[in-house]
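Hi,

Here is the structure I promised to pass on. Have a look at it first, and my notes follow below.

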Amino acid sequence: MNKTTAIVVSIVLIIVAFATGFYFKDTILNFSGKVGKNVQQFEKSNIGNVINQVAQQILSPTPLNIGGKENNVVLTRAKVIAQTNIQRYNTENLPPLIENAKLDAAATAKAQDIFAHQYFEHISPSGVDPGMLVKSFGYEYIVSGENLILGNFASEQEVVQDWMNSPGHRANILNNRFVDIGVAIVKGTYKGEKVWVGVQEFGLPLSACPSPLDSLKKEIDNNKVTLDSLSAQIDAKRNEINNTNQRSSEYNTLVDQYNQLVAQYNQLAQETKNIIAQYNAQINNFNNCVVGK
């Protein structure tokens, strides 16, 4: 082989070697690019919102100050309740209200407080309204009502008739949703005059409506905290992945951890959606009961 031929052969071999190197380089890069595992797509779920319970109702018409001259008549709770039920039956053919000891105690406390602090309003000087009052004596209600009257009366029938002559008080007495009653009729000194204070406390107890399960609400709240934590972990793990070479040994481990977090999040989010739907159905039933549907 002459010198010229040897040079040509060497050049050809060099070109083939370079071409082969570039081919295998591209193949290796393509292969290594396929080694990294797939990263699942993640988006925070809208798990929905919990419906609010409707507010409990308190019916409290403006108190009645009848006046009248002092007399020696003795009025009793039992007869005021009896006259109230007579009005309910004769006017609207409604069932009798049942005397409730807790409401009796609340009514008595209200009458005594009126004399003690010389006011005549549903809300006491200390800010206690009728709903707060009956609750303080252990009566949990859905609907509560309070009638107040002050003056001198010839009989229990007159007391109740005066209430019946007032549209707001009449509405309480004839409210077909009330099932319980408590009454106080107390004599004392108000603004220097000897008078009677009459108090009627009406109620529909909380037990009359199916209450939503507190355990479901607690589970929803706990799940929301966990979902927020998982979401933060997912974001942090995603940042780690983005800052890691796909061809490194750590990359696939990070992707596995990320995908596991996403799976946990998605499963808990779906479970929470189902619990919220269940809880909201209970709230709807309760709210419909409260408004009398």
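**What I found**

Let's start with His 122, which sits in the loop between α3 (101-117) and α4 (130-136); helices here are DSSP runs of H or I with at least four residues, strands are E runs of at least two, and both are numbered from the N terminus. Before going on: this is a predicted model, where local features need pLDDT of at least 70, side-chain atom pairs count only at pLDDT 80 or more, and totals for chains, interfaces and linings use all residues. Residues are numbered from 1 along each chain as its sequence is written, and side-chain values use heavy atoms, with hydrogens and water left out.

Is His 122 buried or exposed? It is buried, because its relative accessible area is 8% (buried is under 20%, exposed over 50%, partly exposed in between, with a 1.4 Å probe and protein chains only). A polar atom of the His 122 side chain lies 2.4 Å from the backbone oxygen of Pro 61. Leaving aside neighbours within four places in sequence, the contacts of His 122 include Ser 60, Thr 62, Lys 110 and Glu 146 (contact means heavy atoms within 4.5 Å).

Lys 187, in strand β5 (residues 180-190), is partly exposed, because its relative accessibility is 32%. A polar atom of its side chain lies 3.0 Å from the backbone oxygen of Asn 71. Beyond four places in sequence, Lys 187 also contacts Glu 70 and Phe 115, among others. Its C-alpha is 6.3 Å from that of Val 197, 10 residues apart along the chain.

Which residues of the largest nonpolar core touch the most other members? Trp 163 and Ile 173 do, out of 27 residues (a nonpolar core is a set of buried Ala, Val, Leu, Ile, Met, Phe, Trp, Tyr and Cys residues joined through side-chain atoms within 4.5 Å). α2, β4, α5, β5, β6 and α8 (249-290) each give two or more residues to this core, and the largest share, four residues, comes from α5. Apart from it lies another core of 21 residues, among them Leu 216 and Tyr 265.

Trp 163 is one of the buried residues of α5 (residues 156-164), and what covers those buried residues includes α2 (77-92) and α6 (167-173). Ile 173 touches Trp 163 as well as Val 160 and Phe 202, among others. In α2, the buried residues include Val 80 and Ile 81, and just after α2, Asn 93 takes a positive phi of about 55°.

Cheers

Terms used. Polar contact = N/O pair within 3.5 Å; in protein donor to acceptor, adjacent residues only side chain to side chain.
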